[in-house]
Amino acid sequence: MTRSSSTAFSAAPRPVAIARWLLIVAALVFCMVVVGGITRLTESGLSITQWKPITGAIPPLTHDQWMEAFRDYQQIPEYKEINKGMSLAAFQFIFFWEWLHRLLGRLIGVAFALPLIWFAARRAIPAGYGWRLVALLALGGLQGAIGWWMVKSGLSVRTDVSHYRLAVHLLTALFIIGGLIWTALDLLALARNPYARPAALQPFALATLLVLLVQLMFGAFTAGLDAGYVSSTWPLMNDHLVPEGIQWLGSLWATVSSDPYLVHFIHRWWAWVAAAMLIILARKAKAAGHRGASIAINAAVGTQVLLGIATVISGIALPLAVLHQAVGALVVASAAWGAHAVGSRRA
């Protein structure tokens, strides 16, 4: 190897470039969360009945290929019990959203893996961050497997996917967004101060994120159980504070996590606990000198509350429901920023 080529592969760490790349990947994951919401709301998630990580990137191109895919769909309970008699055009519509969702997943994998290899080859990754980036890549790969694990739950007996698996799939995506943003912020701090250490997760920030986790989980349960449709009134649910129709399902956990009325009730009112915690986190971030994080949290939380109410009153109108999921992801992003702000530290 010549001296010039040796120098090319011994470049100094590039924390700013890596941080920008991670934020771009986070934006792609955000887009995938939005498309995932559309996929769920249009009941498109079971339209592709096979998992082909490579060849599945190419959709059916001929009439015969479309008919083969349609025949596969006609074998599952969702078609037999709900969509029997569906036209090919209607199938192509739901197929598109699931295909686009999976295509974005493949794009994210490439957008993360190839630059990671390039940065590693250039020795541009700061010390201590290589393992974190590899862990994020592995988590992304696991997310693809979780997605298929979720889809499989609706292919044999059920007419929809398991709401528990749906929750795992959504929460993993949001965790990835948070991890990407946190790592990017650590790298930007390192670029400003070579002696800066990674931010620490402070107790109140951890408590806030756990409260938010519960709210997000019940949001996923609400989506998976179609629990948003049980009431289109606010603040009362069908003229009652605690809705009528709650049924005991054999255990406390089964009832809390699977009764549509109770799930909707919890998601509706736990939101205020999460909002209060996030507003306090925003104040702490501002006190720590990070006004931008404070503004982001307050804006995202306020918008999300209004969207949640509007979505319910509208009877779960598709545009509002999609915006509700999108802003939910922005709440996670801003919460990660705020938690990082209050945990920032110098050497």
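**Note on the predicted model**

1. Histidine 267 sits in helix 10, which runs over residues 260-287. This residue is one of two that UniProt, in an unreviewed entry, lists under "binding site": His267 and His324.

2. On confidence: the model is predicted, with an average pLDDT of 94 for the protein. Of the residues, 96% score at least 70. Residues 1-8 have a pLDDT below 50. Beyond near neighbours in sequence, that stretch makes 2 contacts in the model.

3. The unreviewed UniProt entry also carries the annotation "transmembrane region", covering residues 21-41, 103-121, 133-151, 171-191, 203-225, 261-281, 293-316 and 322-342. His267 and His324, the "binding site" positions from UniProt, fall within the annotated spans 261-281 and 322-342.

4. Two of the annotated spans can be set against the model. Residues 171-191 are 100% helix and 0% strand, and the C-alpha atoms at the ends of this span are 30 Å apart. Residues 322-342 are likewise 100% helix and 0% strand. For residues 322-342 the distance between the end C-alpha atoms is 31 Å.

5. How are helix 7 and helix 8 arranged? Helix 7 (residues 163-192) packs on helix 8 (residues 203-224) at an angle of about 135°, and the axes are 8 Å apart. Angles from 65 to 115 degrees count as roughly perpendicular and those over 145 as roughly antiparallel; helix 7 and helix 8 are therefore oblique to each other. The crossing of helix 7 with helix 8 is right-handed.

6. Helix 7 contributes His163, Tyr164, Leu166, Ala167, Leu170, Leu171 and Leu174 to this contact. From helix 8 come Leu213, Leu216, Met217, Ala220, Phe221, Ala223 and Gly224. By class, the contact of helix 7 with helix 8 holds 12 nonpolar residues, 2 polar and no charged.

7. On the helix 3 side the contact is made by His63, Trp66, Met67, Ala69, Phe70 and Tyr73. Leu88, Phe91, Gln92, Ile94 and Phe95 make it on the helix 5 side. The residues in the contact of helix 3 with helix 5 are 9 nonpolar and 2 polar, with no charged residues.

Conventions: Residues are numbered from 1 along each chain as its sequence is written. This is a predicted model: local features need pLDDT of at least 70, side-chain atom pairs count only at pLDDT 80 or more; totals for chains, interfaces and linings use all residues. Side-chain values use heavy atoms; hydrogens and water are left out. Axes are lines fitted to C-alpha atoms, for helices over the stretch in contact, and angles run from 0 to 180 degrees between N-to-C directions. Helices (H or I, at least four residues) and strands (E, at least two) are DSSP runs, numbered from the N terminus. Angles under 35 degrees count as roughly parallel, over 145 as roughly antiparallel, 65 to 115 as roughly perpendicular and the rest as oblique. A crossing is left-handed if the near helix is turned anticlockwise from the far one by less than a right angle, and right-handed if clockwise. Contact means heavy atoms within 4.5 Å. Ala, Val, Leu, Ile, Met, Phe, Trp, Tyr, Cys and Pro count as nonpolar, Asp, Glu, Lys and Arg as charged, and the others, Gly among them, as polar. pLDDT is the predictor's confidence in each residue, from 0 to 100. UniProt positions are given in the numbering used here, feature names are shortened, and annotations may be inferred rather than shown by experiment.
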